Amino acid sequence: MKASKRFFFLLIALMMFIFSGCQFVKVNEERDNAQVIMDINGTKILKSQVVARINTAILQEQYNRMFSGQSTDPSLAGIDSIVNSSMIISQVEQSISNRELLYQLAVEAGQDKLSAEDEKACKDQYDAEIENYETTYKQQAIDSIIAQKAAEEEAAKVSDEATATDGVAEETVSPDVSETPTPTLAPGQTPEPTPTPVPTPTPAPEVIAEAEKQVETYKQDYLTLRGLTSMDQLLDDIRKDKIVEKYSEYIKAQKQVTAEDFQKWYDSTAESQKGTFEESPKYFYEYTNSESTVACYAPKGYRYVKQILINLTEEGKKKISDLPEDATEEQKAAAKEEAFAEIKPKAEEALAKVKKGDDFEALIDEYNEDPGMQKDAETRKTGYLASEAMKESDPYTAGFLDACLALNKVGATSELIATDFGYHILLYSSDVPEGKIPYEQVKTKLEAQVTQSNQTSYYMQFINDKTGEWEKAGKLKLYLNRIDPDKFQQ
């Protein structure tokens, strides 16, 4: 539901853009609109529905590129920035076909009944979309209409003034408000109170009426983009998505992944990573810290470092961040010195206990302000990775990695290390042994990833097999050549 909801707000944000000049495919002929693109066991998917989904997908890709810094204008960003319409069309066609196929299979298997919780989730999503149109979007429309009317009135006023003064030779000098002196207060005199802001007036009835018309117009535009014709269909469409989602999970769960599967993946991955990490050891850090990869082999040269961090106070950070852009180096140094002075007593107290030989783990619990060193944090168990190989693309704040590498042996601790975060006290906690990482250390992440990968492969094979079966039986007919990719080129 979350992904669907996010996409809904994407469409709302860009609705004005689409329907006020973006030149996508415009199909006016009723006959062309009504062409059947897919016939899935008697359910016909029309060209108008497929085209609407394609336009939406292209729009989303353009939106993603704009907000990731990639222009969709090839004259500005080069040929790589052009949306690959043919690829998107193929993906949309496959998505529509798979969705209908899975829905019908779910019905056949008796897997189309939603729980009360799922029904509520669908209704909540539906209500959220309706509310967004009837409140949020209506207010946006009202604000837009008022702003437009104000601009028109201002333009008319300027035009009238220009007409009235046409031919008048005398020049009128407007007072320079910026040079108006601030009134001086007499001793004991209090300044005039700031006027209470005037409440925003209730929009005129005609403005509200116009806004409601706009909302209805864009509601229909939104339905078109989803391949629907009425809001009554929207809840059913959301429920259908949920049924397909639940059935997909059911299919994936049929694939049982065994201990032998896990071990085989672990052994082959470790062997593959050995060559990769020996050639480019920097990747070990990236594999270890990525949610989508599992490091099963460790190259030489890595260590673990734990820390006690005493953060700069919010006031101290503000003293530094509030400096003007043209501040001198002396001013910057003074602000930084003042900010660090606020936390130095606490940092020196912790450092003294470290030097005295107090248990570092206990001191982390007592003094540390780094979330990564909290008891439930994964990095608390081992520490932060550090290696010369990481200098090529240092992931840490300036000065931290160098300080970690300056520790000369396991058990060594640092002096106070100042960074943009505050003061750090470091402990060289252990070396990372070169070679295969023990299975138990990677078990949780590895088994989750292998399970997901194997179940996804099984699921995709299931869809391919069923598609082939239905095509052979005449239950699935595709007429994809009725969609012309060239019509969608920018």
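This is a predicted model: local features need pLDDT of at least 70, side-chain atom pairs count only at pLDDT 80 or more; totals for chains, interfaces and linings use all residues.
Visitor: How many aromatic pairs turn up in the whole structure?

Guide: The search finds 10. One of them is Tyr247 with Tyr250: the ring centres lie 5.9 Å apart and the planes make 25°, so this pair is stacked.

Visitor: Where do Tyr247 and Tyr250 lie?

Guide: Both are in helix α8, residues 232-253. They are 3 residues apart there, about one turn of the helix.

Visitor: Let's move on to cores. Which residues have the most contacts inside the largest nonpolar core?

Guide: Read a core as a set of buried nonpolar residues linked through their side chains. The largest one here has 55 residues, and those with the most contacts inside it are Phe284, Tyr302, Ile308, Leu385, Tyr396, Leu426 and Leu446. Helix α12, residues 329-356, gives the most to this core, with 7 residues. Apart from it lies another core, of 36 residues, with Val92, Leu102, Val244 and Ile251 among them.

Visitor: Which residues does Leu385 touch?

Guide: Leave out residues up to four places away in sequence, and Leu385 touches Phe284, Tyr285, Thr288, Asn289, Tyr302, Arg303, Tyr304, Met390, Tyr396 and Val432.

Visitor: Now the sheets. In what order do the 4 strands of the open sheet run?

Guide: The general idea is that strands of a sheet pair through backbone hydrogen bonds, either parallel or antiparallel. In this open sheet the order is β5-β4-β7-β6, and the pairing is antiparallel.

Visitor: Why is one side of β5 and of β6 left without a neighbour?

Guide: β5 (384-386) and β6 (417-418) stand at the edges and each has a single partner strand, so one side of each has no neighbour in the sheet. For β6, that partner is β7 (residues 422-431), joined to it antiparallel by 2 bridges. To find one of those bridges in the viewer, pick Ala418: its bridge partner in β7 is Tyr423.

Visitor: What packs on this sheet?

Guide: Helix α12 does, touching β4 (303-311), β6 and β7, with its direction at about 30° to that of β7. Helix α13 (residues 360-367) packs on the sheet too, touching β4 and β7, and its direction makes about 35° with that of β4.

Visitor: What is the order of the open sheet with 3 strands?

Guide: That one runs β2-β1-β9, again with antiparallel pairing. β2 and β9 (476-478) stand at the edges with a single partner strand each, so one side of each is left without a neighbour in the sheet. On average, neighbouring strands are turned by 15° against each other, direction ignored. Helix α3 (residues 47-67) packs on this sheet, touching β1 and β2, at about 55° to the direction of β2. Helix α5 (residues 85-108) lies across β1, β2 and β9, running at about 25° to β1.

Visitor: How many bridges hold β1 and β2 in their pairing?

Guide: There are 4, in the antiparallel sense. Ile40 stands opposite Thr43 in β2. The loop between β1 (36-40) and β2 (43-46) holds Asn41.

Visitor: Finally, how many helices and strands are in the protein chain?

Guide: Count 16 helices and 9 strands. Of its 490 residues, 35% count as buried.

Key:
Residues are numbered from 1 along each chain as its sequence is written. Side-chain values use heavy atoms; hydrogens and water are left out. A nonpolar core is a set of buried Ala, Val, Leu, Ile, Met, Phe, Trp, Tyr and Cys residues joined through side-chain atoms within 4.5 Å. Buried means under 20% relative accessible area, exposed over 50%, partly exposed in between (1.4 Å probe, protein chains only). Contact means heavy atoms within 4.5 Å. Two strands pair if DSSP finds at least two bridges between them. Axes are lines fitted to C-alpha atoms, for helices over the stretch in contact, and angles run from 0 to 180 degrees between N-to-C directions. Rings of Phe, Tyr and Trp (its six-membered ring) pair if their centres lie within 6.5 Å; planes under 30 degrees apart count as stacked, over 60 as edge-to-face and the rest as tilted.
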